[in-house]
Amino acid sequence: MNLFNSALGKNITLVRPAYFLISGFSGIPNVIYYYVFLLFLYVVSLLANTVVMGIICLDPNLRTPKYVVVFNLAFVDLFGSSALVPKVLDIFLFDHPYIPYNDCLTFMFFCFTCLSMQALNLVALAYDRLIAIIFPLHYQVKITHRFMFSLIVSFWLFIIISVLIAAGLLTRLSFCKSVVIDSYFCDHGQIYRLACNDSTPSYVISVLLPVLILWLPLIFILFTYLYIGYALTKVSTVHERVKALKTCTAHLSLVAIYFLPIIITFVYFGNIHPNARIINLSLTSVFPPTLNPIIYVLQTEEIKKSVKRLFKIRVGSKIAIKKIIM
């Protein structure tokens, strides 16, 4: 407990600024086109994720435990993009870089919650594929609606509590020097480094949370697919192996899109230019929500068939209405 005393002591006079200044890019000409590009990605994400959620709701065949996770993934992508992109555009495109203290912490909370929840959704989908391929006869027993709902709710609670703790620790810091956040949003790491009192608890949480919500999920997913690959080597025919792997391609694509930019940023963290870090992290926040629904529609047979069924029903209903009118 002594570690936290300096930040959580009762007799500390805290200095909280009225606002923070989000610096964003520096020295990049025509940077406005990048923000327009982010707006384009946001619109595509908004439409694509809404379509995926609508398809899952409208088609009874997709109301399976797996698509509980897919629906939650689309919801998180939609919610996360809506929490991040409009505010980023307001800050930089409309030149409102000053953000009030409480608004900044709220902004950080929603961004980190959604970004973290994406990783845990990928864990749930990896576990679903593991059971479906390794234990196909037990799939209906092990992967139920109740299990998936419980898993998703537990993930939400874990993420919300973790990010609330991180935000709560920031409220115990004094900011008596700079209020300039060298990022494109209210980044936790950039904020606690501005503190002029002991920020050790915030440093500890900044090290602990990436391990819990990024690296452990990635390790679980990698070991899951290594085990799946090992199990498939024992399958007798090549056709059966390819068929099993096809059910994993969409999920593996999502994993690569989400984790590769984050890994690159962490590997080159000390040597990467601030502008490059901002571009990498901003695209990490926006690209997955944009591409996830497109990948699932293009690479998942169930959704393809569902789209065709819904389209046929819609066309059939229009034809029937025309006949009645005539």
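Q: How do the residues of the lining of the largest pocket divide into nonpolar, polar and charged?

A: In this predicted model, the lining of the largest pocket holds 27 nonpolar, 11 polar and 3 charged residues. Ala, Val, Leu, Ile, Met, Phe, Trp, Tyr, Cys and Pro count as nonpolar, Asp, Glu, Lys and Arg as charged, and the others, Gly among them, as polar. Residues are numbered from 1 along each chain as its sequence is written. Local features need pLDDT of at least 70 and side-chain atom pairs 80 or more, while totals for chains, interfaces and linings use all residues; side-chain values use heavy atoms, without hydrogens and water.

Q: What is the volume of the largest pocket?

A: Rolling a probe the size of a water molecule over the atoms shows where empty space is left. On a 1 Å grid over the protein atoms alone, a cavity is a set of points where a 1.4 Å probe fits but cannot get out; a pocket is an open set with protein on both sides within 12 Å along at least five of seven lines; lining residues have an atom within 4 Å of a point. Points are joined across faces, edges and corners, and a volume is the space filled by probe spheres set on them. The largest pocket has about 890 Å³. Of its 41 lining residues, Phe 112, Asp 187, Pro 210, Leu 214 and Phe 266 are the closest to its centre.

Q: Which helix gives the most to the lining of the largest pocket?

A: Helices are DSSP runs (H or I, at least four residues), numbered from the N terminus. H8 gives the most, with 10 residues.

Definitions and conventions:
Helices (H or I, at least four residues) and strands (E, at least two) are DSSP runs, numbered from the N terminus.
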